[in-house]
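Please look through the sequence and the model below before reading on.

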Amino acid sequence: MFDLRQYYLNNIKEEDYYYRFYAIVKDVDIISSSGLPVPKVKREKIQYLVYDKQDTIDKFKELCQPGQKFDDNEKKCWFYIVCYYLNRCEVYIEQFPNILKRPPENPSTFTYNEIRNWAIAHKLDNNGTVQYITRRKIVSEFKFLNTQSYIEPGEDIESLFNKISTNSIDFQNLSIESKLREIANLIEHLLKINGKFEVLNYERITFGYITNENIKDFRKQIQCFRHATEKALAERKQFTESQKSFLVDYGLTLSKVIFNLRKYKERENNDELHKYD
């Protein structure tokens with residue numbers, strides 16, 4: 001077993017969205033006093049133990065059950081650190097794709113309001129009332145998927161490429177490690193066709209400066225930014241900030257090359273299809 005609270009404290013950074021919960025996570029402990037005439041204050045550290053990712057998913061579902069209250073910081077802390085860990089594990093919930101990336105400061109906003117609104121939108125209510133049995137069914141059917149295959153709703157590969165390659169505001173606001181994760185995901189989406197990685201003719205536009213081996217080495221080097229295992233986190237720490245900044249710039253160049261070569265290939269395939277029209 002491992003302590004989710006300690007995992008959060010060991011990995012959180014000030015620029016992270018989740019840093020807003022730092023004070024609660026850091027200070028939530030059981031404090032008691034006893035003894036006369038001068039009471040002695042005793043601070044007992046609370047542990048938030050889970051076995052693995054599946055155990056954490058089960059805990060998340062437990063926290064989302066109807067009737068759960070978040071009146072104390074101990075319960076709020078559970079919600080924050082469970083969401084944090086699952087987000088670091090690169091998973092999302094199909095029905096609520098943004099909850100693990102940006103959980104609300106009041107957990108009930110999600111566990112009560114958003115689940116209720118989702119039920120009503122899917123006509124699972126009874127004249128505006130969503131019964132507990134319906135809420136339990138919705139929670140039990142949460143579908144957890146890997147973000148490696150996730151593209152924002154309504155966002156195709158081309159718009160994803162444009163967001164990254166033009167250094168949009170959304171991309172600029174990401175941490176440097178999140179930028180590397182996005183670049184790694186984009187390159188995989190561009191190259192992986194029917195489960196296999198395509199080899200493109202890089203010589204066509206790069207004069208031999210970029211080869212398929214370069215692409216493979218780069219993908220392997222930044223793979224640790226796509227995962228949140230202890231091994232991956234340890235690998236990340238081997239990079240300096242300057243090295244990570246270089247990898248972002250280099251990754252943007254590779255992404256543009258791959259994207260343009262894919263476009264060339266698509267046009268050539270279309271021309272071949274219509275050759276005898």
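The expected span of a helix is 1.5 Å times one less than its number of residues, and helices are DSSP runs of H or I with at least four residues, numbered from the N terminus. Helix H9, with 16 residues, reaches 23 Å from its first C-alpha to its last, close to the 22 Å expected. Because 15 of its 16 residues are buried, H9 is largely enclosed by the rest of the structure; buried here means under 20% relative accessible area, with a 1.4 Å probe and protein chains only.

This is a predicted model, in which local features need pLDDT of at least 70 and side-chain atom pairs count only at pLDDT 80 or more, while totals for chains, interfaces and linings use all residues. Residues are numbered from 1 along each chain as its sequence is written, and side-chain values use heavy atoms, leaving out hydrogens and water.

Helix H9 (residues 176–191) also gives the most to the lining of the largest cavity, with three residues. The residues that line this cavity are Ala184, Ile187, Glu188, Arg219, Ile222, Gln223 and Arg226.

Where is lysine 244 found? Lysine 244 belongs to helix H13 (residues 241–273), and it counts as buried because its relative accessibility is 3%. Its side chain makes a polar contact, at 2.8 Å, with the side chain of glutamate 241; such a contact is a pair of N or O atoms within 3.5 Å, where one must be able to donate a hydrogen and the other to accept it, and residues adjacent in sequence count only if both atoms are side-chain atoms.

Notes. On a 1 Å grid over the protein atoms alone, a cavity is a set of points where a 1.4 Å probe fits but cannot get out, and a pocket is an open set with protein on both sides within 12 Å along at least five of seven lines; lining residues have an atom within 4 Å of a point. Helices (H or I, at least four residues) and strands (E, at least two) are DSSP runs, numbered from the N terminus. Buried means under 20% relative accessible area, exposed over 50%, partly exposed in between (1.4 Å probe, protein chains only).
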